[in-house]
Amino acid sequence: MPQPTPFGKRLRQARDLRGLSQSELAEKAKLPAVMISHFETGVRANASADSLVKLANALKVSVDFLLGRSSDPSPRGGAAEAVFRKLENASGDTIDAVLAIAQTLAEKDKKKREEAE
Amino acid sequence: MSRAAYPLLARKRANRLIDELAITSFPVDPEAVAGAKGISVETHTKFPQGRYGALVRQGDLFRIVVWAGCPTLGHRRFTIAHELGHYHLDGHVEALLASSSTAVSNGSNYTGRKDPLEVEADAFASELLMTERFARPVIKSLTAGLTAVREIANQFVVSFSAAAIRLAMLTDEPVIVLLSMNRSMEWVTFSPAFREHDWTRRRMRGEWVPPDGATHALASSPKRVVAGEEASDRNLLSEWFEGAPATEAFEEALGLGPYGRVLTVLTCPALPSAEEIAVEEQERAESGTGDWRDALRGYSLG
């Protein structure tokens, strides 16, 4: 009988964290629901990069978290890198504007979380 | 599941990707496929020797890096498709990207490599660029041989060796394609017409091409190989492979340029079936007229 792999366990953990059922995650990630079940139970031991990226995006976690290489589920590693790459050739004013927007959005998120609590 | 089945799964995955992206015509553009997946393709001039491409991961972002020195557009396209294989196939990213660093692969089918992950990525690339639904009708319309290889390479924008392997996989005719370096075979692919011939199951890598054929003659002149010259000859299939029937084989050889390899296409229009060979050997053994070694060949002595 197959045993859950570290990846399968992390997938389950991230899905629970986001409060999603297997079918809800499948829908968000545009993957077959049976694939999610097979990953979590270890029937299917490994995923492709394509599936990992889809799952990480749907669960708002990093690929490294799903692979068990990071204990931080936040996706900011990849997102920060994406922003950094887009800003490589930007002017100082543009970078300042992006930082101001990021700060405003982060404060908005914080307020939302506090209201929800 | 046996690892031998995995290249078949890799081909199925490439087919699913073609469906997913609603690709309805060829040549398939692997850079556009990469773009649709959010993977950028970059060309670099400095690359480790003998390597053509790499799949690179930085965090959650993936990109494909291709060597600027790829000898032809076909090689470049195959390299990108090969790296897309590493991206789309289960377990590849974990095996190749041990950390948030770089995976480097040869990205070509030139070396007769044995690593299962590379074989799978090659199968994915072959199917993505020459998917069966597009390639089979083209191959059916051509007479198997070197001219057909050139036509497939031209229509699907792939290397001659990639086109030759696809020809051998999808043709109904008895065709063998092989790549040799310094007259030593690197890989051999048989068309399905040879499926019941047990002698084809032997490992042939490292065997020598026959000394009196066109491949040998071409390989004896490195200048001709580099210049991409062709040569042809007629000989017996049994001169090529031990255990093969003594049926006529038409040999066409093509020099593949500075890499020094020769691509050979053997067509055997009168190939007897495995059953016919067995009956003939039985009759010869019973009549006692044949050479005793011929009679023993049917019993697989080694």
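A salt bridge here is a side-chain nitrogen of Lys or Arg within 4 Å of a carboxyl oxygen of Asp or Glu. With that rule, the count between chain B and chain A is five. This is a predicted model, where local features need pLDDT of at least 70 and side-chain atom pairs count only at pLDDT 80 or more, while totals for chains, interfaces and linings use all residues. Residues are numbered from 1 along each chain as its sequence is written, chains are lettered from A and ligands numbered from 1 in the order in which they are written, and side-chain values use heavy atoms, with hydrogens and water left out.

**View 1. Where chain B meets chain A.** Counting contact as heavy atoms within 4.5 Å, 23 residues of chain B touch 20 residues of chain A. The two chains bury about 1,700 Å² between them, 44% of it on carbon and sulfur atoms; buried area is the accessible area (1.4 Å probe) that two parts lose on being put together, summed over both. On the chain B side, Asp60(B), Asp90(B) and Glu94(B) give up the most area to chain A, together 35% of what that side buries.

**View 2. Polar contacts and the makeup of the chain B side.** Ten residue pairs, both residues at pLDDT 80 or more, are in polar contact across the interface. That means N or O atoms within 3.5 Å; within protein, one must be able to donate a hydrogen and the other to accept it, and residues adjacent in sequence count only if both atoms are side-chain atoms. Helices (H or I, at least four residues) and strands (E, at least two) are DSSP runs, numbered from the N terminus. Several elements of chain B supply at least two residues each to the side touching chain A, including α1 (6–20), β3 (61–67) and α3 (73–88). The largest share, three residues, comes from β3(B).

**View 3. Asp90(B) and Arg44(A).** The closest N and O atoms of this salt bridge are 2.7 Å apart. Asp90(B) sits in the loop between α3 and α4 of chain B and Arg44(A) in the loop between α3 (33–41) and α4 (49–59) of chain A, so the pair joins two chains. Buried means under 20% relative accessible area, exposed over 50%, and partly exposed in between (1.4 Å probe, protein chains only). Asp90(B) is partly exposed at 29%, and Arg44(A) is partly exposed at 27%.

View 4. Asp50(A), Lys54(A), Arg13(B), Glu20(B) and Lys37(B) are linked up by salt bridges. Asp50(A) pairs with Arg13(B), with N and O atoms coming to 3.3 Å. Asp50(A) is in helix α4 of chain A and Arg13(B) in helix α1 of chain B, so this pair joins two chains. Both residues, Asp50(A) and Arg13(B), are buried. Lys54(A) bridges to Glu20(B) at 3.9 Å.

**View 5. An aromatic cluster in chain B.** Phe190(B), Phe194(B), Trp199(B), Trp240(B) and Phe241(B) make up one cluster. Rings of Phe, Tyr and Trp (its six-membered ring) pair if their centres lie within 6.5 Å; planes under 30 degrees apart count as stacked, over 60 as edge-to-face and the rest as tilted. A search of the whole structure turns up eleven aromatic pairs over all chains. Phe190(B) and Trp199(B) have ring centres 5.5 Å apart and planes at 85 degrees, so they go down as edge-to-face. Trp240(B) and Phe241(B), at 6.2 Å and 35 degrees, are tilted. Trp240(B) is buried at 3% relative accessibility, and Phe241(B) is buried at 0%.
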